[in-house]
Amino acid sequence: MSDDRHFIRPGQGGDRDVFEYALLRVVPRVERGECMNAGVLVYCRAQGYVGARTHLDEARLLALDPEADVAGVRAALRAVEGVCGGGEGAGQAAADDPGRRFRWLIAPRSTVVQPGPVHTGLTADPVAETERLLNLLVR
């Protein structure tokens with residue numbers, strides 16, 4: 001009897017690859033613990049992709065802290081996107097592979113822009129997934 005089932009490689013779902021993602025949170029006053037989502041980091045090892053998309057809701061940030069440094073937060077978010085993009089925008093991380101850049105970006109820190117916990121999923125298109133997660137979880 002013929003078995004014409006397609007076998008899925010371990011860790012993959014057919015034509016989809018495993019990816020990891022973390023939200024970027026803005027915590028304007030660390031002592032209060034209040035935060036808002038302002039971006040998403042996505043890493044897909046199988047496709048050699050690491051990317052970030054950000055969106056800062058300035059009114060919401062100022063509602064949490066009327067004295068928040070909006071320009072500083074925007075600069076920090078742009079820096080994360082730069083590290084993901086590699087090249088000159090990545091600074092010292094430019095020589096690192098996408099996985100190392102992602103791991104560095106998700107390392108816990110006590111700054112105004114912080115990574116959230118890492119989650120996983122399956123995707124055929126990590127670039128589109130990054131945009132989808134931004135729309136779903138940030139905007």
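Is glutamate 129 buried or exposed? Glutamate 129 is buried, with a relative accessible area of 9%. Here, buried means under 20% relative accessible area, exposed means over 50%, and partly exposed lies in between, using a 1.4 Å probe and protein chains only.

This is a predicted model, in which local features need pLDDT of at least 70 and side-chain atom pairs count only at pLDDT 80 or more, while totals for chains, interfaces and linings use all residues. Residues are numbered from 1 along each chain as its sequence is written, and side-chain values use heavy atoms, leaving out hydrogens and water.

Glutamate 129 sits in helix H4 (residues 126–137). Helices (H or I, at least four residues) and strands (E, at least two) are DSSP runs, numbered from the N terminus. Leaving aside residues up to four places away in sequence, glutamate 129 touches Phe19, Leu122 and Thr123. Contact means heavy atoms within 4.5 Å.

Now turn to the sheet. It is open and has 4 strands, in the order S3-S2-S1-S4, with antiparallel pairing. Two strands pair if DSSP finds at least two bridges between them. Strand S3 (49–54) and strand S4 (113–123) stand at the edges with a single partner strand each, so one side of each has no neighbour in the sheet. On average, neighbouring strands are turned by 20° against each other, direction ignored. Axes are lines fitted to C-alpha atoms, for helices over the stretch in contact, and angles run from 0 to 180 degrees between N-to-C directions.

Follow strand S1 (residues 17–26). S1 pairs with S4 in the antiparallel sense over 9 bridges. S1 is also joined to S2 by 7 bridges, again antiparallel. Strands of a sheet pair through backbone hydrogen bonds. Phenylalanine 19 stands opposite glycine 121 in S4. Tyrosine 21 faces two ways: histidine 119 stands opposite in S4, and valine 42 is its bridge partner in S2. S1 is mostly covered, with 8 of its 10 residues buried.

Helix H2 (residues 70–85) lies across S1, S2, S3 and S4, and runs at about 160° to S3. The buried residues of H2 include Val73, Leu77 and Val80. The buried residues of H2 pack against S1, S2, S3, helix H1 (58–64), H3 and S4.After H2 comes glycine 86, with a positive phi near 75°. Glycine 86 is in the loop between H2 and H3. At 15% relative accessibility, glycine 86 counts as buried. The C-alpha atoms of glycine 86 and arginine 101 are 8.6 Å apart, although 15 residues separate them along the chain.

Last, look at the rings. The structure holds 2 aromatic pairs. Rings of Phe, Tyr and Trp (its six-membered ring) pair if their centres lie within 6.5 Å; planes under 30 degrees apart count as stacked, over 60 as edge-to-face and the rest as tilted. The ring centres of tyrosine 43 and phenylalanine 102 are 5.4 Å apart and their planes are at 20°, so the pair is stacked. Tyrosine 43 lies in strand S2 (residues 36–44) and phenylalanine 102 in helix H3 (residues 98–106), so the pair ties together parts that are 59 residues apart in sequence. Both tyrosine 43 and phenylalanine 102 are buried.
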